[in-house]
Each structure stands twice: as C-alpha cells, then as structure tokens.
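Reader: Could you walk me through this model, keeping to what can be computed from its atoms?

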Amino acid sequence: MKGKHLIAAILLVFNHHLQAQVTKTFTIQADHLTAKIAPTMWGVFFEDINLGADGGIYAELVKNRSFEFAQPLMGWQKLGDNIPEGSLAILNRSQEKPNNPRFLQVDSNDPQNKIGLQNEGFRGMGIKRGLRYDFSVWYRQLKPGLRLHLELVDSAGNTIGEGFLEPEAIGNQWQRAQTSFHATQTCPKAKLNVWFEGQGKIDLDMLSLFPEDTWKRRPGGLRADMVQRLADMKPGFIRFPGGCIVEGRELASRFQWKKTVGPVEDRQLIINRWNTEFQHRPAPDYYQSFGLGFFEYFQLAEDIGAEPLPILNCGMACQFNSAEQAPLDELNTYVQDVLDLIEFANGDIHTQWGKLRAQMGHPAPFHLKMLGVGNENWGPQYIERLELFKKVIDAQHPDIKIVASSGTDPDGERFDFLNRKLRELQVGFIDEHYYRSPEWFLSHANRYDNYDRMGPKVFAGEYAGHPPQVTDGPLENNWGAAIAEAAFLTGLERNADVVQMASYAPLFAHIDGWQWAPDLIWVDNLRTYGTPSYYVQQLYATNKGTAVVPMLADGQAVSGQEGLYASSTIDQPNGELLIKVVNYNHKPVRGMFKLETGKKPTKEADQILLTATDLKAVNSFDDPEHIHPQTTKIAVKDKTIVADLQPYSFYLFKVKLK
Ligand code: AHR
C-alpha cells in the first residue's frame with residue numbers, strides 16, 4: 001500500500017472507530033414466544049397496472065390480437081405498396097360471437113401484389129436469439145390459396161426470424177392453426193410482419209405469438225423471468241386482480257372473473273381502467289385481454305406456493321370515478337359471483353364451476369380459504385353491501401375468511417368509521433392501505449403496538465413509501481423509501497398477532513408503459529430488476545420465522561427511538577433466531593445484541609446487510625444490484641453480537657440456537 005493510501009486507511013478506521021462510539025444495547029428474549037407468525041404474513045399484490053398483465057407477465061407478444069380495441073387496427077399497420085380497397089377488412093360477427101366479434105378478412109386476387117399487416121407489440125416485442133416462437137391463429141378459408149409469411153423484424157427492418165403457415169381446412173368452420181420458428185437475433189423492440197402471399201380469401205382472428213420459454217413452458221403462458229421474481233420472494237399469498245381494477249371506472253367495466261375463464265378466444269376484452277385514469281400518463285392502447293384470467297391466477301398462486309386471495313367487486317364502482325352502485329335489490333349477481341368463485345376454486349368436479357376448472361386442466365381444488373369483498377370502497381353504502389355478502393358467505397362457507405376494505409387511507413373520518421363498523425361486523429381481515437411519505441412510515445412503526453388484539457386481523461394490503469418531490473418513475477424507488485418501509489415493517493412483524501398479511505403495491509411496472517410509481521419490480525421487454533423495496537420485502541418474506549420474540553432497548557420495543565427500529569422472530573423448525581434492525585441515523589451505531597436464551601448459539605451468525613450511502617440511490621436496468629443484500633459472518637461471543645451498524649442501513653442477523 002502506498003504511503004498516502006495507508007494514511008487514508010488509518011484515518012478511515014480511526015474515524016469509523018470514533019463515530020461508532022454510540023452504543024445501544026438490545027436484549028432479545030429468544031425463549032419467550034409472544035405470537036405466532038402467520039404463514040401468509042408476507043405476500044404479493046398483483047394488479048394489471050403499468051402493463052402488469054397485458055404487455056407484462058402475460059407473455060403474449062401481439063397487441064390487439066383479436067382486433068377488439070376501440071380502434072380495431074390499433075397496434076397494427078397495413079403493409080404493401082398497393083393495398084386494394086377492401087383487401088384487408090375488419091368484419092363484425094356480433095351475433096355469432098358476441099365476446100369476440102371482430103375479425104380480419106383478407107381478400108387478395110393478385111399474387112404479385114404483396115400485402116400484409118405489421119404488429120408493433122406492446123412497446124415492441126422482446127425477442128431472444130435462438131429461442132423458438134409459437135405463432136397461432138384462428139381462421140376460416142372461403143377461397144384457399146393464401147399462405148401467411150411471418151417475419152420478425154428488428155428496429156432497422158432486418159428480418160430476425162421467419163416462418164410460414166399454410167392453412168389447410170376449407171369452409172365455414174373456424175379452425176386453429178399454428179407454426180413455430182426460431183429467432184436469429186436478440187432485439188428488445190422487434191415487430192411482427194404477417195404477409196399474405198398468393199391469392200385467395202381468408203378470415204383471421206386471434207393472431208398470437210408466444211416465446212417458448214414461458215413459466216413452466218406452458219403454451220400461452222406467463223413470462224418466466226417475471227414469475228421467478230415472485231417465486232424468489234416465497235410469498236405467503238397473492239392478492240389478485242387488484243386494486244381499482246376490481247371496481248372499474250363504472251360498474252360495466254368492473255372485473256368480472258367469469259368473463260376471464262374458459263377458452264382464451266372467448267374471453268371478452270375490455271378497456272383497462274388505467275388506460276385513461278391519469279391524464280399525465282395516458283395509455284390509449286391499454287386493454288385487458290384476460291389471457292391472464294382467474295384460472296391462471298389460481299395456478300400462479302399454486303406454482304409459487306402462495307395462498308390465493310381474490311378480491312371481488314362489492315356492487316360499487318370506483319368512488320373516485322363514477323361511484324356507481326348496484327341497488328341492494330340487484331346485488332344478487334355480485335353475491336352469486338362470489339359463491340360461484342368458491343365453487344370454481346374448491347368445488348367438486350361434478351359441480352358447474354368445478355367442472356370448468358377440471359376442463360381447464362385442474363381437477364384438484366385450489367383450496368381457496370379467503371377472499372376480499374370490495375377494494376378501497378368506503379361509506380355506509382359499502383357497509384350495507386358488505387353485510388349482505390357476509391351473511392350469505394358465512395352461512396354457506398363458514399370457513400372462508402372475508403377480507404374487507406378500510407378505504408383509501410389509514411386514518412381520518414372514513415377510516416375510523418369503517419374500522420369501527422368492520423370490527424362490529426367481525427370480518428376476518430381489515431385491508432388497510434398506506435401510500436405515504438417515508439417520514440410517515442418512520443413515525444408509524446408503532447402503529448400496531450396498541451391495536452385491538454381481539455378483533456379482526458389486519459391485512460396491510462397496499463403500501464409503499466412515496467418520496468416527496470420525486471416524480472420520475474423508477475427514481476421514486478429510492479433507498480430512502482425502502483429503508484423507511486424496512487423500519488415500518490419491524491412494527492408489523494412485532495405485532496404479527498394482529499397483522500397477518502402484508503403486501504407492497506403496485507408490484508410490476510413496465511419502463512415504457514407505467515402509470516403509477518413507485519413499484520416493486522421494474523421490467524422492460526427482456527429484463528427485470530428488483531428495487532431496494534423488493535429486497536426489503538424479500539428479506540422479510542424469506543426470513544419470517546414462526547414466532548415473535550421480544551426485542552427491547554431500555555426496556556421498550558424499538559420503534560424509532562434514537563433512529564433505531566428492530567424486531568426479532570424465531571424459526572422454530574430451524575432453531576434459528578432472526579434479528580432485524582434498522583439504523584436510520586447519519587452516524588454508525590454500535591449495537592450490542594444480547595441473546596437471553598437457555599440455548600447455545602453457534603459461534604458465528606449470518607449478517608445480511610442492505611444499505612446505500614445515498615438515500616436517493618436506486619437500482620436500474622444498468623445497475624440492477626446497486627442495492628442488494630450482502631451476506632457476511634459475524635461473531636457471537638458470550639451470547640452477544642456486537643455490530644457496528646452503518647448509517648441508513650437495514651441488518652438481518654441469523655443465529656442458530658442449539
Ligand atoms: O396500487 C395502485 C392503486 O392504489 C390500486 O389500484 C388501488 O387499490 C390503490 O388506490
């Protein structure tokens with residue numbers, strides 16, 4: 001080491017030593033189990049917002065594949081120098097197929113005249129070199145002779161994959177045909193050309209392209225990299241399909257699960273409420289194809305080991321939008337939707353809806369145990385409706401727990417009213433939402449310390465730290481927000497007898513198509529990255545333990561005094577003590593963690609550190625792991641861990657006890 005570097009290193013150690021003089025002693029009563037931690041404790045919230053489903057986790061690459069967008073050719077462009085009038089026409093068979101009425105009719109008489117259509121994908125198509133792509137289409141051929149020439153083209157127009165499809169059947173019956181081909185290059189924003197070669201007349205619908213590498217290689221399935229991000233969190237539950245999308249801007253556009261099951265070509269597409277919701281983030285091409293429907297949501301839950309938590313409409317559209325309500329004497333349809341959903345998920349295969357589940361490939365039940373009635377609904381009108389649902393569900397399915405909304409905010413008159421009413425009603429869970437500043441999270445770490453312990457459990461259903469004065473999408477997912485969430489979550493964990501489910505929201509955002517930020521995971525057409533908040537959630541979810549044990553400083557729970565936040569749990573089957581602590585100070589703090597236990601700790605513990613030197617620091621596609629958990633070892637001596645806690649850091653210590 002050169003002289004000046006040596007001096008700098010000595011100064012750094014000396015400085016660090018000086019700064020680390022503040023010492024705080026924490027006692028962890030590791031043998032004193034105060035509450036069980038629900039296996040559902042940390043989960044995920046999924047909504048089709050920010051291109052979460054179409055253009056996101058649903059791996060379909062063709063946008064507006066069935067021409068059902070308000071503009072039938074949105075996302076498509078006609079190809080050819082000379083396109084004869086009527087040769088590429090949109091027809092509507094609303095009587096024959098009301099759910100999917102439109103189709104394309106190609107009528108071409110001149111084999112020398114090349115015509116076709118180009119699909120732009122969802123902000124382009126993410127294509128990977130060497131991967132197989134599966135094209136499929138529904139067709140009927142009145143005058144045979146046309147073949148489909150498929151071409152993937154990169155941004156410069158170069159062909160990076162091609163295939164051919166020659167429809168065989170002739171006549172009036174719709175048929176499905178498919179063909180596959182491989183891509184020769186990787187391209188994040190490719191397009192698909194469909195040329196019609198030869199001469200003839202053909203009707204086409206559901207033009208579709210999927211990569212072969214979907215999750216579990218299921219045809220027509222989900223983007224594997226996005227599902228993997230969820231699986232890596234080992235979530236206890238997955239809430240779906242939202243969010244405001246459950247409510248709809250008006251009742252007609254509410255989420256209706258029955259319209260999302262069965263063959264995909266029969267699922268009725270509707271506009272996505274996030275298409276028009278925010279004027280500053282318009283997304284005119286945002287629709288819900290429901291290729292990701294309720295069967296797929298249940299299957300996803302099962303795949304990633306999460307309890308399914310569907311939320312259904314309570315007979316009220318979004319109260320920020322139309323605020324339409326179904327009259328009480330017309331609520332039957334809504335209540336029946338709930339009963340039928342329970343049958344779809346759990347019913348015998350001889351029941352109407354259980355049979356459909358079996359036909360879709362899942363004869364075994366999905367073991368639904370809870371469901372939500374209403375999202376962010378409020379007021380006496382919500383309570384009136386909820387009461388009706390509850391009466392029927394309790395009578396017919398007493399084992400199903402009802403999750404009820406406490407509105408949009410975690411405090412105020414609306415919240416107080418609902419909180420009181422929902423406790424009187426004895427619902428299973430009260431769904432609380434908090435989109436608040438990091439300061440709010442820091443100052444509310446003790447929110448549940450004195451909560452009612454006897455009544456309904458709390459579902460912290462949607463939360464995220466929203467840093468003030470940052471409005472840049474991905475930049476909103478900064479370390480300052482994530483560390484505040486980490487601090488707040490110590491309070492949820494400490495009160496795991498009250499809070500039994502928690503999920504950050506929203507989950508996914510596409511970098512070229514988001515409406516709402518911050519979000520847990522950012523994606524583009526080929527990549528994903530976890531935000532600092534993702535790693536916070538993941539550390540909690542994968543280290544939740546099975547029981548809470550007291551962790552005190554100066555005889556008190558550690559919920560923000562001197563900028564420190566802490567909680568501790570024990571994983572009984574693994575004999576492991578899990579200590580979480582946040583140092584929200586600009587200086588290091590020496591933590592003395594004294595383990596009060598009759599058991600013998602191992603000599604070393606795992607120390608997992610999540611930190612950044614700047615509260616504004618973020619992860620990004622270019623630096624996806626700028627902030628990520630770093631694991632090292634730390635000594636355990638005389639049942640004590642001494643750790644110099646860096647400024648603005650989140651630590652997890654894992655100690656084996658024998
Ligand atoms: O997570 C985004 C939105 O926030 C949800 O749709 C809604 O429930 C809440 O207002």
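**Backbone, fold and ligand**

Reader: In which loop is Arg123 found, and what is its phi?
Author: Arg123 is found in the loop between β7 (115-119) and β8 (125-127), where helices (H or I, at least four residues) and strands (E, at least two) are DSSP runs numbered from the N terminus. The model is predicted, so local features need pLDDT of at least 70 and side-chain atom pairs pLDDT 80 or more, whereas totals for chains, interfaces and linings use all residues. Residues are numbered from 1 along each chain as its sequence is written, and side-chain values use heavy atoms, without hydrogens or water. Arg123 is a residue other than glycine, and its phi is positive, near 55°.

Reader: Which strand holds Met206, and what is the phi of Met206?
Author: Met206 is found in strand β14, which runs over residues 200-211. Met206 is a residue other than glycine with a positive phi, near 55°.

Reader: Where is Pro506 placed, and what is the omega of the cis bond that joins Ala505 and Pro506?
Author: Pro506 has its place in the loop between β23 (499-504) and β24 (508-510), and Pro506 is also one of the residues that surround the ligand, having a heavy atom within 4 Å of the ligand. The peptide bond joining Ala505 and Pro506 is cis, with an omega of about -15°.

Reader: In which loop is Pro518 found, and what is the omega of the cis bond from Ala517 to Pro518?
Author: Pro518 is found in the loop between β24 and β25 (521-523). The peptide bond from Ala517 to Pro518 is cis, and its omega is near 5°.

Reader: How far from an oxygen atom of the ligand are the polar atoms of Cys244, Glu376 and Tyr435?
Author: Polar contacts are counted for pairs of N or O atoms within 3.5 Å. A polar backbone atom of Cys244 lies 2.8 Å from an oxygen atom of the ligand, an N or O atom in the side chain of Glu376 lies 2.7 Å from a ligand oxygen, and for a polar side-chain atom of Tyr435 the distance to an oxygen of the ligand is 2.7 Å.

Reader: How much of the ligand's accessible area does the protein cover?
Author: On its own the ligand has 280 Å² of accessible area (Shrake-Rupley method, 1.4 Å probe). Of this area, the protein covers 95%.

Notes
A polar contact is a pair of N or O atoms within 3.5 Å; within protein, one must be able to donate a hydrogen and the other to accept it, and residues adjacent in sequence count only if both atoms are side-chain atoms.
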